[in-house]
Amino acid sequence: MNATEEAEALKMLFLYQHAYLIPKIMFTASDLGVFDLLMESKEPLTSMSIAERLGTSPFGMERLLDACVGLKFLQVERKDNQTLYGNTNLANLYLGKRSPKTQYYSLKNHAEFNYTRAQHLTDAVREGEGRTYRLSDSSTKIFFEAFYRTERGLREFMEFMHEIWSLCGRDVLNAFDLSHFPLVCDVGGCTGALANEYISLYPNSTVTIFDLPEVVETGKKHFVSSEEHRITFHGGDFFKDPIPEADLYILSRTLHCFTDEKCVQLLTRLHKACKPGGGVLVVEIVLNEDRTGPLEAHIYGLVMLLATQGKERTPSEYNVLLSAAGFKEIQQKKTGLFDAILGRK
């Protein structure tokens with residue numbers, strides 16, 4: 001390694017050693033209202049002005065703003081001997097609470113829940129599973145239960161899930177021509193974000209969201225209009241309760257939460273309930289066959305280790321699961337962050 005290569009390696013090492021702060025910086029600035037204030041102001045502001053309007057210390061705010069500049073969330077300019085801060089396009093689009101494609105609840109989930117869980121990564125690697133989750137006064141080994149025990153926790157988790165499909169839902173559903181699947185069941189469909197994208201693409205279709213009763217009630221109340229009759233809800237446990245009949249079942253970011261055995265159990269139940277000629281659409285971040293990437297899959301593999309009994313998988317591993325359940329003619333397409341995998345009955 002020559003001197004230039006070593007200098008670059010040291011810069012990378014420093015960045016990685018301190019990368020744990022990045023989600024905290026993003027969420028803190030978003031939660032305090034920095035990005036929303038700068039969107040609304042229509043002009044760059046000084047750190048003192050931002051601190052005064054948001055009720056923070058000027059010293060602390062300046063440190064936060066400078067870090068956001070370094071991370072390309074904010075831009076800075078010097079004018080009349082003053083330092084002025086403004087949003088980048090990324091911040092305007094994603095980082096404010098009122099941004100058109102806000103990722104606020106995603107930032108909150110990563111900065112609070114995943115950040116806290118990551119403190120136990122060494123134990124999880126040694127033991128092969130995450131430890132007890134503690135939210136408020138509740139403890140459980142099942143992370144869904146940790147969120148779902150309070151109405152606020154449930155709502156925030158559902159908002160987190162809703163945000164990603166508002167960004168990526170159209171892309172994954174465009175991977176295949178699904179027009180010959182008019183009756184759809186979104187298994188673990190949560191808020192109906194993907195269901196909304198589906199009926200937008202295929203107006204003559206209907207989608208049933210099959211999820212736990214408490215999720216269904218919150219979805220009806222906060223996420224899907226009662227006037228939208230093409231989307232219905234069905235409460236139940238998809239490992240135990242009867243599966244609604246459909247032409248197509250959607251499993252988006254679901255299988256990676258479970259062991260291979262549980263995945264085959266669920267897929268087999270869907271295959272039995274599926275209409276002849278129907279299918280299942282699996283949406284996940286998929287590992288390369290040689291497991292060299294993408295980095296997103298490697299990172300989420302560790303998130304799953306900390307939070308569930310599942311993992312990210314390669315295309316061949318998903319093929320094995322789908323084939324074991326009886327699905328055939330398995331196709332896979334990459335759509336950006338997520339892969340879409342279609343199996344037919």
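**Notes on the predicted model: helices, sheet and cores**

1. Helices are DSSP runs of H or I with at least four residues, strands are runs of E with at least two, and both are numbered from the N terminus. The buried residues of α14 are Ala297, Tyr300, Val303, Met304, Leu305, Leu306 and Ala307. Buried means under 20% relative accessible area, with exposed over 50% and partly exposed in between, using a 1.4 Å probe and protein chains only.

2. A word on the basis of all this. The model is predicted, so local features need pLDDT of at least 70 and side-chain atom pairs count only at pLDDT 80 or more, while totals for chains, interfaces and linings use all residues. Residues are numbered from 1 along each chain as its sequence is written, and side-chain values use heavy atoms, with hydrogens and water left out.

3. Now to the sheet. Seven strands form an open sheet with mixed pairing, in the order β8-β7-β6-β9-β10-β12-β11. Its edge strands, each pairing on one side only, are β8 (231-235) and β11 (328-334). On average, neighbouring strands are turned by 20 degrees against each other, direction ignored. Two strands pair if DSSP finds at least two bridges between them.

4. Strand β9 (residues 246-252) deserves a look: seven of its seven residues are buried, so the strand is largely enclosed by the rest of the structure. Strand β6 (residues 183-187) runs parallel to β9 and is joined to it by three bridges, with aspartate 186 opposite isoleucine 250 of β9. Six bridges join β9 to β10 (residues 274-284), again a parallel pair, and leucine 248 has glycine 279 in β10 as its bridge partner.

5. How does the chain cross from β9 to β10? The path goes through helix α13 (residues 260-273), and this β-α-β crossover is right-handed. Right-handed means that, with the strands pointing away from the viewer, the path from the first strand over the helix to the second runs clockwise. Helix α13 lies across β6, β9 and β10, running at about 150 degrees to β10. Axes are lines fitted to C-alpha atoms, for helices over the stretch in contact, and angles run from 0 to 180 degrees between N-to-C directions.

6. Beyond β10 comes an antiparallel pairing: six bridges join β10 to β12 (residues 339-344). Glycine 279 stands opposite arginine 344 in β12.

7. The largest nonpolar core has 71 residues, of which Tyr198, Tyr249 and Leu281 touch the most other members. Helix α10 gives the most to this core, with ten residues. Another core, of 23 residues, lies apart from it and includes Leu38, Leu45, Met61 and Phe73. A nonpolar core is a set of buried Ala, Val, Leu, Ile, Met, Phe, Trp, Tyr and Cys residues joined through side-chain atoms within 4.5 Å.

8. Glutamate 159, in α10 (residues 151-173), counts as buried because its relative accessibility is 14%. Leaving aside neighbours within four places in sequence, glutamate 159 is in contact (heavy atoms within 4.5 Å) with Tyr105 and Phe223. Glutamate 197 lies in α11 (residues 193-201) and, at 17%, also counts as buried. Not counting residues up to four places away in sequence, glutamate 197 touches Trp165, Gly169, Arg170 and Leu173.
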